[in-house]
Amino acid sequence: MADTSDYLKTLTEVLAARADWLEKSELPKLKEEFRTFHTAFVALYKLFLKKGLIIEDPYKNEVKIGELEVPETAPFAESDYKDEYSLRLSSYDNQLDFLVNFYQFSVDFLTVEKIKRILGLVRFVDWTRLSNNSEVPNNKAMMEILNAAKAGADPLSASIINESLSNLSRTTGSILSYLKLVSDYNREAYKLELRTTVLSTLTESEASVIPTIRKKFATAMPGKPFYPDLVAELVKEDSNAGKPLRDEVIKQMTVPDTKPKTVSPQILFKGILIEGLNAIGSVGSSLTEVGVKMDENAALLENRKNGFWDKLKRVIQQMLNKEPDPTIFDVEYMDPVKGGPVKEKVDFAQFRGEMDRKTRTLTALASRSGGAFEKMQSMNETQLMGMLEKNIREVQTIHKVLGALDDFFKIEAGREDRDKVKGIKPELATMKNAIVKANQRRHEYSAQKEEEEQMRKLGISSGV
């Protein structure tokens with residue numbers, strides 16, 4: 001066996017730098033790609049529900065997820081096609097939502113096993129190879145639904161389908177590339193740990209025998225999986241003839257060189273804030289759809305209370321020219337600040353009025369042309385930042401109340417009418433993604449302004 005002490009030192013330094021690079025540069029990009037991936041899927045999912053091509057899962061919001069699980073991929077009977085595939089897509093949406101909003105994107109957390117789960121989700125439907133001749137159950141079912149959705153589709157629906165498929169295909173490729181970067185790092189980090197924890201306790205002859213390494217591994221690294229292929233790689237690399245292999249590992253794990261620029265390009269700070277306003281403005285289209293569903297759900301509950309005394313009360317109020325009693329719903333939601341449930345009384349008519357007014361405002365903010373866009377361009381950064389923060393807060397409040405109302409309607413409707421309640425989980429997910437994106441632009445603006453201020457103090461120009 002070769003003397004690899006210098007190699008271990010170099011590899012340790014290189015892997016530490018690579019982990020830092022992955023954490024700060026590549027994993028944030030991976031998470032953003034997953035957001036785009038999920039948003040594109042949600043657009044298709046909502047369209048399928050709207051056209052009645054799949055059935056909404058009434059228990060969708062009651063699912064509690066502790067770890068990623070790939071939905072079923074096995075074949076299903078043609079007679080169960082619609083029910084079974086509807087449940088699979090509902091589960092797929094829940095899993096993607098959990099991945100995007102609750103999963104940790106760090107090199108320590110994304111172990112080999114977790115990456116396998118993520119890959120299973122990405123490949124649940126192979127968006128890069130969809131065809132009418134596919135024999136893969138989930139791909140075949142997806143093509144049947146897509147063909148049905150495209151048949152006689154209006155221009156808006158056709159645009160949604162084409163744009164969503166394009167984004168799903170594109171992000172699949174980039175996601176797989178980012179996951180490979182993390183996977184390659186994990187392989188070398190695993191081999192490094194094996195060298196320092198197991199091989200360092202063996203003799204030179206023992207360190208080249210895989211069964212001996214496996215036996216020592218069981219006691220030195222309990223609870224960790226043993227990967228024979230990686231151990232075989234390690235033995236070859238540490239052999240007397242393994243220097244080219246070791247050199248290749250160092251080359252692959254070295255962080256790509258980024259040459260520092262003497263003068264940074266001019267940063268368009270107002271553009272970042274306007275992008276944030278465009279992002280939060282995209283919520284307007286979701287609120288329009290949610291409003292229709294909320295009205296139908298409220299009407300469903302009111303019809304359940306349409307007994308004799310209710311009718312008599314309304315007649316008396318009309319005779320006395322009195323306004324009808326406001327519709328008050330007692331809802332409950334989790335407050336992350338207080339760390340517990342909070343109860344709130346929602347005047348439904350008042351809330352719907354506020355929601356409609358906000359929808360009109362957001363729709364204007366989403367536009368990239370016209371009067372509203374020109375007005376944003378004429379505003380200074382302080383005004384834009386204030387507008388962005390205000391709209392993020394207001395949309396967060398609406399999102400919170402809508403989530404509570406969604407739960408409330410499903411509970412109050414009772415089991416016999418639960419199927420009639422219009423769920424809004426896809427729209428809530430879309431809203432959440434828009435809030436996250438708008439917040440990212442807000443933080444990006446603040447970070448870059450702070451960096452510019454630091455550079456100014458050091459006498460360094462940030463632009464030409």
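Which residue forms a salt bridge with K180? In this predicted model, the partner is D184, and the closest N and O atoms of the two side chains are 2.8 Å apart. Both residues belong to helix α5, where they sit four residues apart, about one turn of the helix. K180 counts as exposed because its relative accessibility is 52%, above the 50% cut-off. D184, with a relative accessible area of 24%, is partly exposed. Side chains of opposite charge can pair when their charged atoms come close. This pair is a handy way into the rest of the model, which is described below from the overall fold down to single residues.

The protein has 464 residues, of which 42% are buried. Its secondary structure consists of 16 helices and two strands. Among contacts between residues at least 6 apart in sequence, 78% join residues at least 24 apart. Confidence is worth a quick look before turning to details. The average pLDDT is 86, and 90% of the residues score at least 70. One stretch to read with care is residues 260–267, where pLDDT stays under 50. For that stretch, the model has 10 contacts beyond four places in sequence.

Salt bridges come next. The count comes to 28 in the protein. One of them joins the side chains of K46 and E289, with an N to O distance of 3.8 Å. This pair links distant parts of the chain, since K46 is in helix α1 and E289 is in helix α10 (residues 283–304), 243 residues apart. Helix α1 itself covers residues 5–50. The two partners can also be compared by their accessibility. K46 has a relative accessible area of 15% and is therefore buried, the cut-off being under 20%. E289, at 33%, is partly exposed. Leaving out residues up to four places away in sequence, K46 touches S286, E289, P426, E427 and T430.

The side chains of K191 and E237 meet with an N to O distance of 2.7 Å. K191 lies in helix α5 and E237 in helix α7 (residues 228–237), and the two residues are 46 residues apart. Both K191 and E237 are buried.

V122 lies in helix α3, which covers residues 112–122. With a relative accessible area of 2%, V122 falls under the 20% cut-off and so counts as buried. Leaving aside neighbours within four places in sequence, V122 is in contact with F34, F37, Y92, W127, T172, I175 and L176. One of these contacts, F37, is 85 residues from V122 along the chain, and the C-alpha atoms of the two residues are separated by 9.2 Å.

The other residue, A207, is found in a loop. That loop runs between α5 (155–197) and α6 (210–220). A207 counts as buried because its relative accessibility is 7%. From A207 to L234 the C-alpha to C-alpha distance is 9.8 Å, and the two residues are 27 residues apart in sequence.

Finally, the surface of the model can be explored through one of its pockets. The second largest pocket has a volume of about 1500 Å³. It is lined by 38 residues, and those closest to its centre are N61, K64, M334, G403 and D407. Several elements give two or more residues to this lining, namely α2 (81–102), β1 (328–335), β2 (340–347), α14 (381–412) and α16 (425–457). The largest share of the lining, 11 residues, comes from α14. By residue type, the lining of the second largest pocket divides into 17 nonpolar, five polar and 16 charged residues.

Conventions. Residues numbered from 1 in each chain as written. Predicted model: local features only at pLDDT ≥ 70, side-chain atom pairs only at ≥ 80, totals over all residues. Heavy atoms only, no water. pLDDT = per-residue confidence, 0-100. Contact = heavy atoms within 4.5 Å. Buried < 20%, exposed > 50% of the residue type's maximum accessible area, 1.4 Å probe, protein only. Salt bridge = Lys/Arg side-chain N within 4 Å of Asp/Glu carboxyl O. 1 Å grid on protein atoms, 1.4 Å probe; cavity = no way out; pocket = protein on both sides within 12 Å on 5 of 7 lines; lining within 4 Å. Points joined across faces, edges and corners; volume = space filled by probe spheres on them. Nonpolar A, V, L, I, M, F, W, Y, C, P; charged D, E, K, R; others polar.
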